[in-house]
Amino acid sequence: MSYCGFRGSTNTGASFTHQPQNEQILYDSGHVAMTYTALCSLIILGDDLSRVDKQAIAYGLKNLQLQDGSFQFCVEGSENDMRFLFCVASICYILNDFSTIDVDKAVAYILSSLSYEGGFGQGPFLEAHGGSTYCAVASLQLFGRLSSLTDREIELLKQWCHTRQQTGFQGRPNKPVDTCYSFWIGATLTMLDSYQYIDSSANRSWLLSVQDYLTGGFGKWTTTSPDPLHSYMGLSALTLSGEAGLETVYAPLNITKRAVDYLHKLQSSPNW
């Protein structure tokens with residue numbers, strides 16, 4: 001079960017259900033980012049997750065946690081940083097099972113990655129970054145441990161996030177604004193109850209400026225073509241300001257509140 005989880009495609013390996021019993025499956029394992037997105041997609045589509053082997057996925061996460069509390073993305077060995085810790089926190093939240101990981105160690109890793117600048121890096125002693133700051137704060141929220149940050153740390157974190165706004169948001173100081181950071185930073189401020197202090201009008205104008213009115217979609221910058229990632233992030237960012245016609249996003253998981261309400265209904269059912 002240590003290999004369990006979703007892969008990026010059916011073409012990346014053989015079906016787990018047809019593997020001989022006790023046979024080791026080298027380089028054919030699940031990936032925490034794919035597992036996070038697969039579970040979110042199933043919830044969005046209204047699946048009841050009854051066909052998901054929740055116990056095996058939860059057990060597999062245990063084998064991905066390293067001594068410093070972080071997580072690698074697959075059991076064979078890989079990078080380990082805040083991105084994959086967030087994926088694991090999200091998976092545990094969706095499965096409603098944190099029992100197979102060491103939450104205290106994971107929280108300690110997050111706190112050790114808090115930069116002198118006020119934001120979070122991908123790991124200890126690394127530069128604060130908008131994406132890793134979102135992953136860190138969202139993970140603390142999903143763990144129910146946002147209170148692990150001191151009042152002083154939260155104020156510096158808010159300040160760091162607010163100073164990332166130019167028109168839209170940049171991911172780091174002295175970098176150009178980028179569509180996706182309107183979500184990463186905006187969602188972080190939402191979780192910190194400080195989103196109301198951004199310049200929503202300027203942010204909205206930036207986001208609308210990166211649309212392609214011929215093909216549709218949002219690009220990274222005004223000079224780049226639209227792509228699925230920035231289109232999703234652009235729409236998610238607009239929901240944070242209450243854009244008309246869009247579903248409200250639940251910031252810690254980056255899926256709609258409607259989908260999260262459905263998840264909570266599933267988790268409370270006797271068959272869960």
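This note covers helix packing, a cavity and a salt bridge in a predicted model.

1. Basis. In this predicted model, local features need pLDDT of at least 70 and side-chain atom pairs count only at pLDDT 80 or more, while totals for chains, interfaces and linings use all residues. Residues are numbered from 1 along each chain as its sequence is written, and side-chain values use heavy atoms, with hydrogens and water left out.

2. H5 and H6. Helix H5 (residues 130-143) packs with helix H6 (residues 151-162) at an angle of about 145°, their axes being 12 Å apart. Helices (H or I, at least four residues) are DSSP runs numbered from the N terminus; axes are lines fitted to C-alpha atoms over the stretch in contact, with angles from 0 to 180 degrees between N-to-C directions. The crossing is left-handed, that is, the near helix is turned anticlockwise from the far one by less than a right angle. Gly-130, Thr-133 and Val-137 of H5 make the contact with Leu-157, Trp-160 and Cys-161 of H6 (contact: heavy atoms within 4.5 Å). Four of these residues are nonpolar, two polar and none charged. Here Ala, Val, Leu, Ile, Met, Phe, Trp, Tyr, Cys and Pro count as nonpolar, Asp, Glu, Lys and Arg as charged, and the others, Gly among them, as polar.

3. H6 and H7. These helices pack at an angle of about 150°, with axes 10 Å apart, and their crossing is left-handed. On H6 the contact uses Lys-158, Trp-160, Cys-161 and His-162; on H7 it uses Ile-185, Thr-188 and Leu-189. The classes are four nonpolar, two polar and one charged.

4. Cavity. There is one cavity of 30 Å³ or more; the largest cavity holds about 80 Å³ of space. A cavity is a set of points on a 1 Å grid over the protein atoms alone where a 1.4 Å probe fits but cannot get out, and lining residues have an atom within 4 Å of a point. The volume is the space filled by probe spheres set on the points, which are joined across faces, edges and corners. Of the 16 lining residues, Cys-4, Gly-5, Gly-30, Val-32 and Leu-64 are the closest to the centre. H2 gives the most to this lining, three residues. The lining has ten nonpolar, six polar and no charged residues.

5. Salt bridge. Arg-172 and Glu-127 form a salt bridge through their side chains (3.2 Å, N to O), defined as a side-chain nitrogen of Lys or Arg within 4 Å of a carboxyl oxygen of Asp or Glu. Arg-172 lies in the loop between H6 and helix H7 (179-191), and Glu-127 in the loop between helix H4 (103-112) and H5, 45 residues apart.

Methods. Helix = DSSP H or I, 4+ residues; strand = E, 2+ residues; numbered from the N terminus. 1 Å grid on protein atoms, 1.4 Å probe; cavity = no way out; pocket = protein on both sides within 12 Å on 5 of 7 lines; lining within 4 Å.
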